[in-house]
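Please look through the structure shown here. The report below covers its salt bridges, then some backbone details.

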Amino acid sequence: MIDYFTVFTTGGIVLWQKCNQPVAAAIVDSLVSDIFIEERTRSGKQSSLTKDRYTVKWTTANDFGIIIVAVYQSLLQISFIDELLASVKKLFTTLYGDELTNKDPEKLPVCKFDDYFAVRYAELEKLSAGRKVGEVSGALDEGFGEKFASDDESEDASEPPSRVTSLDSIDDAVKAEKAPLKKPNLSKRGGRRGGRGGPKARVGRESPFGSSGDEVPAKKSGKKLRKWDIDGSARDVSDDEGPLDFSVSNTNGNAAANREHSDNLLLEDENVENWGSKTKSGEFILKDLSSEINSILAAPDTSMMADGTRGTSAALASGFGFFRNIIGNKVLNEQDLDKALAGMKDHLMKKNVAPEVAQHLCDVVNKSLVGTKTGNWTSIEKTVRAAMEAALRKILTPSTSVDLLHEIQRVKSANPPRPYVISVVGVNGVGKSTNLSKIAFWLLQNNMKLLIAACDTFRSGAVEQLRVHARNLKKLTEREGGEIELFEKGYGKDAANIARDAITYGREHGFDVVLIDTAGRRHNDTRLMSSLEKFAKYANPDKIVMVGEALVGTDSVQQARNFNAAFGPSRNLDFFLISKCDTVGDMIGSMVNMTYSTGIPVLFVGTGQMYTDLRTLSVPWAVNMLMA
Amino acid sequence: MSSPPETDKPDPLTTHEAMSTSGYGFPVYILGVGLIIITAYFVYELLFRKTKGLAAGGPTFIIAGPSGSGKTSLFTLLRYGEKSTTLPSVEQNITTKFRLPNLPDTAKPFVLIDAPGHQKLRHGMFSALQIAQAARTIHGVLYLVDASAMSRPAQLREAAEYLYDILRITERVRGGTDVLVGANKSELFTAVPAKRLRTLFETELDKIRESRAKSVGKVGAGGDKDDSDDGDEDDGAVVGGSGWLGRRGEKGSFKLEDLETDVMVIDGSVDNGKIDPWIAWMEERAVN
């Protein structure tokens, strides 16, 4: 059972919601913000997310500006959820589309969707129940150790999913061994899937049902009612031949089946209002909701019209084909966007953005622009450019702002006082030690007492390098009152232990900040990456900074991902520091790569090799660089 | 007979003229008609466009604030008269037909913008504010906060940082844009009252400006990290600059009165519909 189902506008106004189980508002809010704002779901086309104990599935209708979300417990496996979302989208847009296209209505759109939803949900539930029973019977088949011929999935569409058929197949399965092809295909297909192991089959069930969503309308029309003639022969009747007559006197041969069928209809729509409406004269007219739903779902997709030829201005514009691009006010479709986006993708890749990231950005822009109108006097290129700038800005802007000085003050004034621990990690040669000393210089300018822990026990000269840095910084900031000290234990020892000892030393001697330098390691070297988890556990740093160089190419995506995952399940990187930005000019795409792949913001940017060459990232600057 | 001798033989001059007029005339005629059609179309577009851009819009109020403070609820309450259930906004809600209840119907309708509160989406609000300030159509900013969450330091800090960024923009205009800090959800038990909220914000804003002044400079802004003066007035780096707010050189004594922007803090409750003080504030700002 779906706990929470809602349709809401992109502006946040809930148009309709159905709440079967109370879901904490905080959870829904965080889910919405994770999915639509922070875009945490990057795994391909999958539109589902699991967080806490809930799974969320959604779909959007950009031209109407609505989002449809279903939240249910992760333990449940609701197989028809994709179909449900698709049909709700179609129904909603058909029923309330006119109201929704008006972006500035006079009153809130009222959407009485409860009945439609209940009917559709019941239909789909019954359908999937029919399929499920088919699978169960198939599992029994498999128990006899038989392999079934693989059937075409599309054949399933022609089969009426009635329970009667499935029961027959169970009987047959139990009775004798038989040639699989002679039997109804339903059970066989289910058997093949059911035989693969119970729980696994349930997971695999998701995708076939996604594809058969298109077949549902056809299936609905193929559902054959059965009418019994006066001579006792059965006659299959299609929907439009009128409703079955449920009066007892009419039926003869199969009164039991008819009564069962009528019982089913009664159970479906317990709400009397669904059955019809009163006319002005007080007569009660029967209304068949399910047939209305079916007709809407079966209607061709009108929203995919290429030109939004609405209004006289658009009609005028259609005459001026060439001018439409210049004048604007054109409804965008896939072809228009493809060319512009291809050019945009090349442009981004020239700026050192990884192909995967550039593709994702183009997809995001595509999805957000399809079906919308260009503004006045804006060409398609300009619109695409503006959308791309917005997408880049959204990726680069952090979700929460980090104010290091404030946090250090907060930790310093806590009781008992403890040092604030910052550690830097990264692959070999990106500039960890150099940038660490830049951060140290800045903190010293703010009168902090610093301890540098040399946890790079592997590379020759690492400890000496830090000693030189500490000496320089001490000389530079003596007058301003900063204090800096180096904590080192030589080479060859375990970095995690040294880190822990350094923090203890720092606490004892009242240091404000402990900066830990670690050894560079390749992100695909599992042995070295695994030692990071121990390091994080022992040192428990307040901030883990990953230093990435701006010169790195496509590797940055994988680097960021591996480092992010290296600290164990409960700990992530805190922010990135992109070094050597002065060497790349405007090709700062690696910034985008790293933030895209992990969702972690870039805080600092290294712009040189002196102690003062440290800057914070300015998102407008970065976007300008990338789009110039 | 005074038959003109020209009729005997074709006069070279007239035929030449005739030829020349017919030679130039026809394409020119077509061009002229074409130009008329095109200009007529453009004029039609300009005059009868239904949806004008934001800059051409009328007097504007902007609703901003951190996530979850009730901005979209307030928007629906003000615009439609009824409060709707809401979820986090992903896009702005804009209406160009907002009418204040106590103003006469002949007054111009307002543009009301409800900007999403999530940090990634704040840029839209900043740019809308800047455009409206440049066009002098901005009449006020309603900064909504969840008063019950302001007792927690992390939330207070976030709200103060957003307010700081807004004030940095409003301070740029002479006279400043009026800002109303609406303490929403004041019916809750843990809600911080308006007076106390004002002092809390002042302390936080003071700490923020200290912190910003001491932080590393922004990339691309030029100069070393001591450029707390010019901040980021140039194009591009707009917000989060290390610009100083209020009177110079005084630490620990930031007061909202020092600013050019007129900041008021008023309690209210969208849930209970108690937003009359806010409406009164808006009406005061609507006239001038």
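## A buried pair across two chains

A:Asp403 is buried, and B:Arg157 is buried too. Buried means under 20% relative accessible area, exposed means over 50%, and partly exposed is in between (1.4 Å probe, protein chains only). The two residues form a salt bridge, and their closest N and O atoms are 2.7 Å apart. A salt bridge is a side-chain nitrogen of Lys or Arg within 4 Å of a carboxyl oxygen of Asp or Glu.

Where do the partners sit? A:Asp403 lies in the loop between helix 17 (380–396) and helix 18 (404–412) of chain A, while B:Arg157 lies in helix 4 (residues 153–170) of chain B, so the pair joins two chains. Helices (H or I, at least four residues) and strands (E, at least two) are DSSP runs, numbered from the N terminus. A network of salt bridges links A:Asp403, B:Arg157, B:Glu161, B:Glu204 and B:Lys207.

## How to read the model

This is a predicted model: local features need pLDDT of at least 70, side-chain atom pairs count only at pLDDT 80 or more, and totals for chains, interfaces and linings use all residues. Residues are numbered from 1 along each chain as its sequence is written, chains are lettered from A and ligands numbered from 1 in the order in which they are written, and side-chain values use heavy atoms, with hydrogens and water left out.

## Salt bridges within a chain

How many salt bridges are there over all chains? The count comes to 28. One of them joins the side chains of A:Lys534 and A:Asp494, at 2.6 Å from N to O. This pair links distant parts of the chain, 40 residues apart. A:Lys534 is in helix 22 (residues 526–539) of chain A. A:Asp494 is in the loop between strand 12 (483–487) and helix 21 (495–508) of chain A. A:Lys534 is partly exposed, at 34% relative accessible area. A:Asp494 is partly exposed as well, at 30%.

Chain B has a salt bridge between B:Asp262 and B:Arg285, with the closest N and O atoms 3.3 Å apart. B:Asp262 lies in the loop between helix 5 (194–214) and strand 6 (263–267) of chain B, and B:Arg285 lies in helix 6 (residues 276–287) of chain B, so the pair ties together parts that are 23 residues apart in sequence. Are these two residues buried or exposed? B:Asp262 is partly exposed, at 33% relative accessibility. B:Arg285 is buried, at 8%.

A:Ser33 lies in helix 1 (residues 25–37) of chain A. The residue is buried, with a relative accessible area of 12%. What does A:Ser33 touch, leaving aside its neighbours within four places in sequence? A:Ser33 is in contact with A:Glu38 and B:His118. Contact means heavy atoms within 4.5 Å.

## Backbone details

Most residues other than glycine have a negative phi, and most peptide bonds are trans. The peptide bond from A:Asn415 to A:Pro416 is cis, with omega near -5°. A:Pro416 lies in the loop between helix 18 and strand 10 (420–425) of chain A.

Phi of A:Asn352 is positive, near 70°. A:Asn352 lies in the loop between helix 15 (334–350) and helix 16 (355–369) of chain A. A:Asn352 is buried, at 17% relative accessibility. A:Asn540 has a positive phi of about 45°, although it is not a glycine. A:Asn540 sits in the loop between helix 22 and strand 14 (543–549) of chain A. A:Asn540 is exposed, with a relative accessible area of 53%.
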